[in-house]
Amino acid sequence: MYAVNYHRAASVADAAKLVKSGDAKLLSGGMTLIPAMKTRLAAPSDLVDLSRISDLQGIKVSGKTVTIGAATTHYDVASDEKLRKACPALAHLASLIGDPAVRHKGTIGGSIANNDPAADYPAALLALGATIVTNKREISADKFFKGLFETALKDGEIITAVTFTAPAKAAYEKFRNPASRYAIVGVFVTKGKDGVSAAVTGAGEDGVFRSKEIEVALAKNFTAAALDGVKVPAKGLMSDIHASSDYRANLITVMARRAVAAANA
Amino acid sequence: MSDVSFVVNGRRVSGTAEDRTLLVHFLRENLGLTGTHVGCDTSQCGACVVHVDGRAVKSCSMLAAQASGSAVTTIEGLANGSDLHPVQAAFKEHHGLQCGFCTPGMIMTATDMISRHPEGLDEATVRAELDGNICRCTGYHNIVKAILAASKAMSKGVKGRAKQAA
Ligand SMILES: Cc1cc2nc3c(=O)[nH]c(=O)nc-3n(C[C@H](O)[C@H](O)[C@H](O)COP(=O)(O)OP(=O)(O)OC[C@H]3O[C@@H](n4cnc5c(N)ncnc54)[C@H](O)[C@@H]3O)c2cc1C
Ligand code: FES
Ligand code: FES
């Protein structure tokens, strides 16, 4: 790792000021950034640690509205009792990220800012129609996730929270890469007042996306059987040593079918 | 350079370190606590697991500066003098190690796992919770056996000690 200056921010305003210095980067759980710095893939001059800012911590549920602070860890999302009632699918998703030690440090804000094409949270936020709140503005999930490791965030812009309305039904199913534990394919389905949605992670060449084929079939009939014979095109899907694009296309339907069954259970 | 200070295994320690110093290097090189191991460069093997403020974390993926102000427990902090911690005793009893390289991380993960599951553990849960700990020798079977035995032993009455250690 190259030399770096570490700063611990006391507030969001403090962090916004600190991140302007040199080639500074925000640090949350560090579960992506520190490994990247160790391999010198990232070499910021300064790190601005957000993890001790109390405004960025915690989960609020009021009625159907859920708000999660950006620095809330995967472990805290997975084990929050209010969230497990309001939107168990999201708590379950958090429990599938990495391993226990990763979940104790990694945060929702860091995960979506990074927008890894195989990360879990992007699928949930896109399917839930969530809003990403920053220190500057509010961004809807469909405008936030832009491509591989690319988001709508401007330099130095800080995610403070994500918020969404809990749907009547939702579930997430993930086919994990057994070595990295990231998704080879993950599908998050929801059914609510505004209809159904199905967002796919791990598969798209441009990162997370909503599958039209799955959504059209589920809009007619929100059951696993409605997906029998539904084909998702392999065009635009990733091919790598773990899985070909054809295999991923097939897995999307399989994971969607399991997710719908879980959502209806 | 930054001043860092923690409570490590119940003792207050402070020192100066380059900001880029990883917690694992501070523990091993500045404090001489070489029980915490480095097994990989990819945050995947878990040989470096310690507890920071009561939660199991990978000390190779965290700066010492990030942990400053926190309470840190390492493998050296578990035994009570020459009395092994119940998880250490169970690893010995059930032959849960061969070369021993992964063992400190396994045991720190196991004590955290047991304290998060006061209702008890089953084999599937133990195996899932060991996702982040890699062992090149044992095939995991005896590690799982040891953790299940320790969890049982600890719920039978040594709970106080387990809490204190976690
Ligand atoms: C072994 C291992 C397995 C993993 N498995 C999975 C998995 O199965 N699924 C999965 O989804 N992820 C997985 N991850 C990644 C993990 O979820 C990370 O926690 C996550 O990607 C980054 O979150 P963080 O809080 O650690 O962010 P950091 O590493 O601290 O930061 C990541 C990036 O986000 C930026 N950032 C952080 N916070 C903010 C903010 N509030 N506003 C704006 N920018 C910000 C940082 O500047 C940096 O560029 C794994 C990681 C490891 C090490
Ligand atoms: S040394 Fe920390 S995970 Fe391998
Ligand atoms: S005992 Fe040798 S690596 Fe686990």
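Biologist: How much space lies in the largest cavity?
Modeller: This is a predicted model. A search of the whole structure finds one cavity of 30 Å³ or more. The space in the largest cavity is about 30 Å³.

Biologist: How do the residues that line the largest cavity divide into nonpolar, polar and charged?
Modeller: From chain A the lining takes Asp99(A), Pro100(A) and Ala101(A). From chain B it takes Val49(B), Ala56(B), Thr109(B), Glu129(B), Gly132(B) and Asn133(B). The division is four nonpolar, three polar and two charged.

Biologist: What volume does the second largest pocket have?
Modeller: Residues of both chains are found around this pocket, with Ala78(A) and His117(B) among the closest to its centre. Its volume is about 490 Å³.

Biologist: Which residues that line the second largest pocket are the closest to its centre?
Modeller: The lining holds 17 residues. They divide into six nonpolar, five polar and six charged. The closest to the centre are Ala78(A), Arg84(A), Ser95(A), His117(B) and Glu129(B).

Biologist: Which element gives the largest share of the lining of the second largest pocket?
Modeller: Helix H3 (74–79) and helix H5 (88–95) of chain A each give two or more residues, and so does helix H5 (123–129) of chain B. The largest share is four residues. That share comes from H5(A).

Biologist: How are the rings of Phe144(A) and Phe145(A) paired?
Modeller: There are three aromatic pairs over all chains. In this one, the ring centres lie 5.0 Å apart and the planes meet at 85°. An angle over 60 degrees has its own class. The pair is therefore edge-to-face.

Biologist: Are Phe144(A) and Phe145(A) buried or exposed?
Modeller: Buried means under 20% relative accessible area. Phe144(A) has 0%. Phe145(A) has 10%. Phe144(A) is buried, and Phe145(A) is also buried.

Biologist: Which ring does the charged end of Arg40(A) sit over?
Modeller: The distance from the charged end to the ring centre is 4.0 Å. The ring belongs to Tyr2(A).

Biologist: Why does the salt bridge of Glu157(A) and Arg137(A) tie together parts that are apart in sequence?
Modeller: The two side chains meet at 2.8 Å, N to O. Glu157(A) lies in the loop between strand S9 (150–151) and strand S10 (159–165) of chain A, whereas Arg137(A) lies in the loop between strand S6 (131–134) and strand S7 (138–140). The parts tied together are therefore apart in sequence by 20 residues.

Biologist: Which counts as buried, Glu157(A) or Arg137(A)?
Modeller: Arg137(A) has a relative accessible area of 30%, so it is partly exposed. Glu157(A) comes to 4%. The buried residue is Glu157(A).

Biologist: Which residue does Arg210(A) meet in a salt bridge?
Modeller: Over all chains there are 15 salt bridges. Arg210(A) is partly exposed at 42% relative accessibility. The N to O distance is 2.8 Å, and the partner is Glu215(A).

Biologist: How many residues apart are Arg257(A) and Asp228(A)?
Modeller: These two form a salt bridge, with the closest N and O atoms 3.5 Å apart. Arg257(A) sits in helix H11 (residues 245–264) of chain A, and Asp228(A) in the loop between helix H10 (212–220) and H11. The pair is 29 residues apart.

Biologist: Which residues do salt bridges that share partners join into one network?
Modeller: The network takes in residues of chain A and chain B. Its members are Asp99(A), Arg181(A) and Lys58(B).

Biologist: How many residues of helix H8 of chain A are buried?
Modeller: The helix covers residues 121–128 and is mostly covered. Among its buried residues are Tyr121(A), Pro122(A) and Leu128(A). Gly129(A) follows H8(A), with a positive phi near 60°. The buried count for the helix is eight of eight.

Biologist: How far apart in space are Met31(A) and Arg257(A)?
Modeller: Met31(A) is found in the loop between strand S2 (24–27) and helix H2 (33–38) of chain A. Met31(A) is buried at 16%, while Arg257(A) is partly exposed at 28%. They are 226 residues apart in sequence. In space, C-alpha to C-alpha, the distance is 31 Å.

Note on methods:
Residues numbered from 1 in each chain as written. Chains lettered and ligands numbered in written order. Predicted model: local features only at pLDDT ≥ 70, side-chain atom pairs only at ≥ 80, totals over all residues. Heavy atoms only, no water. Phe/Tyr/Trp six-rings, centres within 6.5 Å; stacked < 30°, edge-to-face > 60°. Buried < 20%, exposed > 50% of the residue type's maximum accessible area, 1.4 Å probe, protein only. Lys NZ or Arg CZ within 6 Å of the ring centre and 35° of its normal. Salt bridge = Lys/Arg side-chain N within 4 Å of Asp/Glu carboxyl O. 1 Å grid on protein atoms, 1.4 Å probe; cavity = no way out; pocket = protein on both sides within 12 Å on 5 of 7 lines; lining within 4 Å. Points joined across faces, edges and corners; volume = space filled by probe spheres on them. Nonpolar A, V, L, I, M, F, W, Y, C, P; charged D, E, K, R; others polar.
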